[in-house]
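Hi,

Here is the structure I promised to pass on.

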Amino acid sequence: MSGLELIFTGSALLGTALLLLSSVGSGMRVRVHLPLRLPHPHVRFLRFLAMFGIGGLFGAAAFGFGPLGQSLVALGFGAFGAAVAFGLFAALRRAEGREPTALRELVGRRARVVVSIDPASRGAVTLSYDGAVQTLPAVAATRIPRGQEVEISGVRGLALTVRGVQPP
């Protein structure tokens, strides 16, 4: 195995291994303490590194190119692989939904009581937001019977604070 093929093999293995490690859960971190100060590799570079190595090996094995040809095929594969991955991840980012509504953003909206609310115990209200009908726990200072329309006046813990609305 030539030195160039060794570089391509190492690039392919290292890039692929680091890509796999970077995708093993967003909260997991793998730290290696080295006495050197190294820049943190971005995922775009890891994609390029993996495809660079694979392209170089492909140029050597499939076409029998010399060192310059292998290097050019490796650079081409690396750039192509990074561009395709960048395009795919950009499309996925655009397809993501918006952030879910926080409970405090519901203040001022109207809801309907589905489980009666007493000052001493929680009830439940239903309303539509984020594209679905949601049922949430609710508390109130006065008794509110089931079926009555209420206005959300605040949030207490995970429950909404509501007050009755007078019918028009």
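In what order do the five strands close into a barrel? They run E1-E2-E3-E5-E4, with mixed pairing; two strands pair if DSSP finds at least two bridges between them. From one strand to the next the twist averages 55°, where axes are lines fitted to C-alpha atoms (for helices over the stretch in contact) and angles run from 0 to 180 degrees between N-to-C directions.

Before the details, some housekeeping. This is a predicted model, so local features need pLDDT of at least 70 and side-chain atom pairs count only at pLDDT 80 or more, while totals for chains, interfaces and linings use all residues. Residues are numbered from 1 along each chain as its sequence is written, and side-chain values use heavy atoms, with hydrogens and water left out.

**Overall layout**

The chain has three helices and five strands, in the order α-α-α-β-β-β-β-β along the sequence. Helices (H or I, at least four residues) and strands (E, at least two) are DSSP runs, numbered from the N terminus. Of the 168 residues, 29% are buried; buried means under 20% relative accessible area, exposed over 50% and partly exposed in between (1.4 Å probe, protein chains only). Taking contacts between residues at least 6 apart in sequence, 49% join residues at least 24 apart, a contact being heavy atoms within 4.5 Å.

**Helix H3**

H3 covers residues 67–95, and its end C-alpha atoms are 42 Å apart, which agrees with the 42 Å that 29 residues should span at 1.5 Å a residue. That expected span is 1.5 Å times one less than the number of residues. Among the buried residues of H3 are Gly-69, Val-73, Gly-78, Gly-81 and Ala-85.

**Strand E2 and Thr-126**

E2 pairs with E3 (residues 132–139) in the antiparallel sense over seven bridges. Apart from neighbours within four places in sequence, Thr-126 is in contact with Ala-111, Arg-112, Val-114, Val-133, Gln-134 and Thr-135.

**Salt bridges**

How many salt bridges does a search of the whole structure find? It turns up three, each defined as a side-chain nitrogen of Lys or Arg within 4 Å of a carboxyl oxygen of Asp or Glu.

- Arg-110 and Glu-149 meet at 3.8 Å, N to O. The pair links distant parts of the chain, with Arg-110 in E1 (residues 110–115) and Glu-149 in E4 (residues 149–156), 39 residues apart. Arg-110 is partly exposed at 46%, and Glu-149 is partly exposed at 30%.
- Asp-118 and Arg-143 meet at 3.5 Å, N to O. Asp-118 lies in the loop between E1 and E2 and Arg-143 in the loop between E3 and E4, so this pair ties together parts 25 residues apart in sequence. Asp-118 is partly exposed at 30%, whereas Arg-143 counts as exposed at 54%.
- Glu-151 and Arg-163 meet at 3.5 Å, N to O. Glu-151 is in E4 and Arg-163 in E5 (residues 159–164), so the pair ties together parts twelve residues apart in sequence. Glu-151 is partly exposed at 22%, as is Arg-163 at 44%.

Cheers
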